[in-house]
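Student: Hey, can you walk me through this one? I'd like to start with a single residue and then look at some helices.

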Amino acid sequence: MMLRAAYRIAWKDVMGDFRRRSTLSAMLFFAISVLVVFQAAFNPDRREAMQLLPGLLWVTILFTSLVGLGRVFQAEEEDGAFEGLMLAPLGRGVIFLGKWLGNLVLTVAVEVLLLPLMLILFNVDGWSSLPAVFGVLLLGTLGLTGLGVLLAALTQAARSRETLLALLLLPLVVPLLIAGVQATAALLSGQGELTAWVRLMVVFDMIYLALAPWAFGWLVEE
């Protein structure tokens, strides 16, 4: 029952966005723009691109996620339905789970398109590592979107919510981003420590996703 309710909330968000072509298209446009600008500005050779790609990939995903996170509760605000959602006979954790799953699907959809495009644009031979890199991306995205949806709920009533969301999110996800960059670099280069960084990402995911539903319930009650 709880999982079905969370699934329906996520399905509503994803299908509503596909119909409006708002969040997903904005995230894709932003991500592609960043890649094209970086490629044109630096025009790195293959060795430089291999060194640059892990950091650029995660920075692009971080700022692209901010575009989507700023719109997590946009549909409810436009329709005046946020209070109605909170009055639904559902646990606050179920509502958080539904909103998180919806945002996670949109972010992963962008990543699926972004990663191959990045390898092509920067002429990096990382196709054999693509499934493993995508696994690391997914691992990092779980924690990033979990914490992001919580902070989106905290800032959704603020006047400059996008700015406030970025100011709150960026310092808190730095450890997760560093671990993601190091793990991605180890996969693409075949050198360096991988297991320790992946374990660190799992620890941060567990912390974020364990605390976020409880904190979400506390925030909306306040």
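Predicted model: local features only at pLDDT ≥ 70, side-chain atom pairs only at ≥ 80, totals over all residues.

Student: Is arginine 161 buried or exposed?

Tutor: Arginine 161 counts as buried, because its relative accessibility is 19% and the cut-off for buried is under 20%.

Student: OK, what does arginine 161 touch?

Tutor: Leaving out residues up to four places away in sequence, arginine 161 touches Gly70, Glu77, Thr155 and Gln156.

Student: And how far is arginine 161 from glycine 98?

Tutor: Their C-alpha atoms are separated by 21 Å, and the two residues sit 63 apart along the chain.

Student: Back to α8. Where does α8 bend?

Tutor: Helix α8 covers residues 161–189 and bends by about 50° at valine 174. Proline 175 follows within four residues of that. Just after α8 comes glycine 190, with a positive phi of about 75°.

Student: New topic: at what angle do α1 and α6 pack?

Tutor: About 40°, with the axes 7 Å apart. Here α1 is residues 2–20 and α6 is residues 92–121.

Student: Why are they called oblique?

Tutor: Angles under 35 degrees would count as roughly parallel and 65 to 115 as roughly perpendicular, so α1 and α6 are oblique to each other. The crossing of α1 past α6 is right-handed.

Student: Which residues meet there?

Tutor: Among them are Met2, Leu3, Ile9 and Phe18 in α1, and Val94, Ile95, Leu101 and Val105 in α6. The residues of this contact of α1 with α6 divide into 14 nonpolar, two polar and four charged.

Methods:
Residues numbered from 1 in each chain as written. Heavy atoms only, no water. Bend = angle between axes of the 7 residues up to and from the residue. Helix = DSSP H or I, 4+ residues; strand = E, 2+ residues; numbered from the N terminus. Axes fitted to C-alpha atoms, helices over the stretch in contact; angles between N-to-C directions. Parallel < 35°, antiparallel > 145°, perpendicular 65-115°, else oblique. Left-handed = near helix turned anticlockwise from the far one by under 90°. Contact = heavy atoms within 4.5 Å. Nonpolar A, V, L, I, M, F, W, Y, C, P; charged D, E, K, R; others polar. Buried < 20%, exposed > 50% of the residue type's maximum accessible area, 1.4 Å probe, protein only.
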